[in-house]
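Work through the exercises below with the sequence and the model at hand. Try each task before reading its solution.

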Amino acid sequence: MKRKIALLSSRRAPKNHDDELAAVALSASARYTVDFVPWNSEVKWETYHAAIIRSTWDYTQHIDDYLRTLRGIEAAGVRLFNSSSTVQWNHHKGYLKELAEEGVFVVPTLFFKDGEDITPPTDWACERFILKPCISASAMNTTIITREQLRDKSYQSRMFTADWMLQPFLENIVDGEISLHYFGGEFSHGVIKVPKAGDFRVQEEHGGVFAPYQPTTELQKLAQGILAKVQQPPLYARVDLIPYKNSFALMELELIEPFLNFCHHPKAPGNFLAAVDRRMKES
C-alpha cells in the first residue's frame with residue numbers, strides 16, 4: 001500500500017514552481033501518494049503517514065499559529081519533517097548566537113529588541129551594516145543601514161517593531177553566497193547565489209542569479225560539523241556560507257526553507273526521495 005504524504009504549502013504558493021521537483025520525484029515513486037496541503041487548512045492530519053514542510057512561505061506572518069499547527073500534526077501521530085521542535089529552534093535567528101557559542105564560525109551578529117540602543121562592536125571595521133528581523137524569510141524587511149542611521153532615534157522608532165539583528169555589511173557578497181544542501185544528513189548539491197548589480201540580496205525574487213557549485217571536501221566537512229549541532233537530525237537542511245576572514249562563515253542554517261534548489265542539480269530530486277525512503281523505513 002502506498003504511504004500518503006502531505007507536502008505542507010501555503011494558499012499563495014504556486015504548485016508548478018521549479019523547486020517542487022521534489023514532489024515530482026515523490027509522486028513518481030510507487031511507494032507514495034502526495035498532496036499539497038496549505039498548513040492552515042482544516043485537515044484530518046491522521047489520514048497521512050507523514051508531512052513534509054515545503055512551501056509554507058507565509059509562516060513568518062503567523063508564527064504562533066504555524067507552530068501550534070505543527071505540534072498538532074505530530075500530536076495526531078503523523079511524522080513531521082522537519083520536526084516541530086526543530087522549527088521552534090530554527091524559526092528565530094537567535095539560533096545563530098547559540099551556534100556561535102558552540103564554536104561555529106558565524107557572521108558577527110548583534111541581537112537587540114525594540115527601543116534598545118545599538119552600538120556595533122569596535123572591531124566591526126565598516127560603515128554599513130545589514131539590519132533584519134530575527135523572524136523573516138526571503139530578505140523580508142532586510143536593509144542596509146549606516147552608522148549615522150543607527151544613531152538617529154527617529155529612524156529607529158520607524159524601523160524597530162520586533163526582535164532585530166545587526167551584522168556588518170560584507171562587501172564580498174557581490175561574489176556570491178554558497179548554499180550546500182543536505183538530505184538525510186548526506187550532501188546532495190551546492191549552488192552559488194550572486195546578487196544582481198547594485199543589490200546585496202541573493203534571492204531570485206530580488207534578481208539574484210543561481211548556478212551549480214561543487215564545494216571542496218573541506219567545505220563539506222565544515223557544513224557537516226554545523227549540522228551535527230542540531231539536536232534532531234533534519235530530513236533536509238540548507239547551509240548558507242560566505243567567505244570571511246580566510247575561512248567560511250555561516251550566514252544561515254535553513255531547516256524550514258522552501259527553496260532547496262532542486263532545479264540546479266539533476267540528481268537532487270532523487271537524493272531527496274532516497275532520504276525520505278530512509279526516514280519512512282524508520283517508522
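The model is predicted, so local features need pLDDT of at least 70 and side-chain atom pairs count only at pLDDT 80 or more, while totals for chains, interfaces and linings use all residues. Residues are numbered from 1 along each chain as its sequence is written, and side-chain values use heavy atoms, with hydrogens and water left out.

**Exercise 1. Classify the ring pair Trp39 and Tyr66.**

Step 1. Set the rule. Rings of Phe, Tyr and Trp (its six-membered ring) pair if their centres lie within 6.5 Å; planes under 30 degrees apart count as stacked, over 60 as edge-to-face and the rest as tilted.

Step 2. Count. The whole structure has 11 aromatic pairs.

Step 3. Apply the rule. Trp39 and Tyr66 are 5.2 Å apart centre to centre, with 90° between the planes, and the pair is edge-to-face.

Step 4. Locate the partners. Trp39 sits in the loop between β2 (32–38) and β3, and Tyr66 in helix α2 (residues 63–75), so the pair ties together parts 27 residues apart in sequence.

Step 5. Widen the view. Trp39 and Tyr66 are both buried. Ring pairs join Trp39, Tyr59 and Tyr66 into a cluster.

**Exercise 2. Which ring does the charged end of Lys4 sit over?**

Step 1. Set the rule. NZ of Lys or CZ of Arg must be within 6 Å of the ring centre and within 35 degrees of the ring normal.

Step 2. Read the pair. The ring is that of Tyr48, and the charged end of Lys4 is 4.7 Å from its centre.

**Exercise 3. Trace the salt bridges of Asp277 and Arg79.**

Step 1. Count. There are 10 salt bridges in the structure. Each needs a side-chain nitrogen of Lys or Arg within 4 Å of a carboxyl oxygen of Asp or Glu.

Step 2. Take Asp277. Its partner is Arg31, with the closest N and O atoms 2.8 Å apart. Asp277 is in helix α8 (residues 268–281) and Arg31 in the loop between α1 (21–28) and β2, 246 residues apart.

Step 3. Take Arg79. Its side chain meets that of Glu282 at 3.8 Å, N to O. Arg79 is in strand β4 (residues 79–81) and Glu282 in the segment after α8, so this pair ties together parts 203 residues apart in sequence.

Step 4. Asp277 is buried at 13%. Arg31 is partly exposed at 40%. Arg79 is partly exposed at 25%. Glu282 is exposed at 55%.

**Exercise 4. Are Glu177 and Lys193 buried or exposed?**

Step 1. Find the bridge. The two side chains, of Glu177 and Lys193, meet at 3.0 Å, N to O.

Step 2. Glu177 is in strand β9 (residues 177–183) and Lys193 in strand β10 (residues 186–194), so the bridge ties together parts 16 residues apart in sequence.

Step 3. Answer. Glu177 is buried at 7%, and Lys193 is buried at 3%.

Step 4. Extend. A network of salt bridges links Glu177, Lys193, Arg238, Asp240 and Glu254.

Terms used
Helices (H or I, at least four residues) and strands (E, at least two) are DSSP runs, numbered from the N terminus. Buried means under 20% relative accessible area, exposed over 50%, partly exposed in between (1.4 Å probe, protein chains only).
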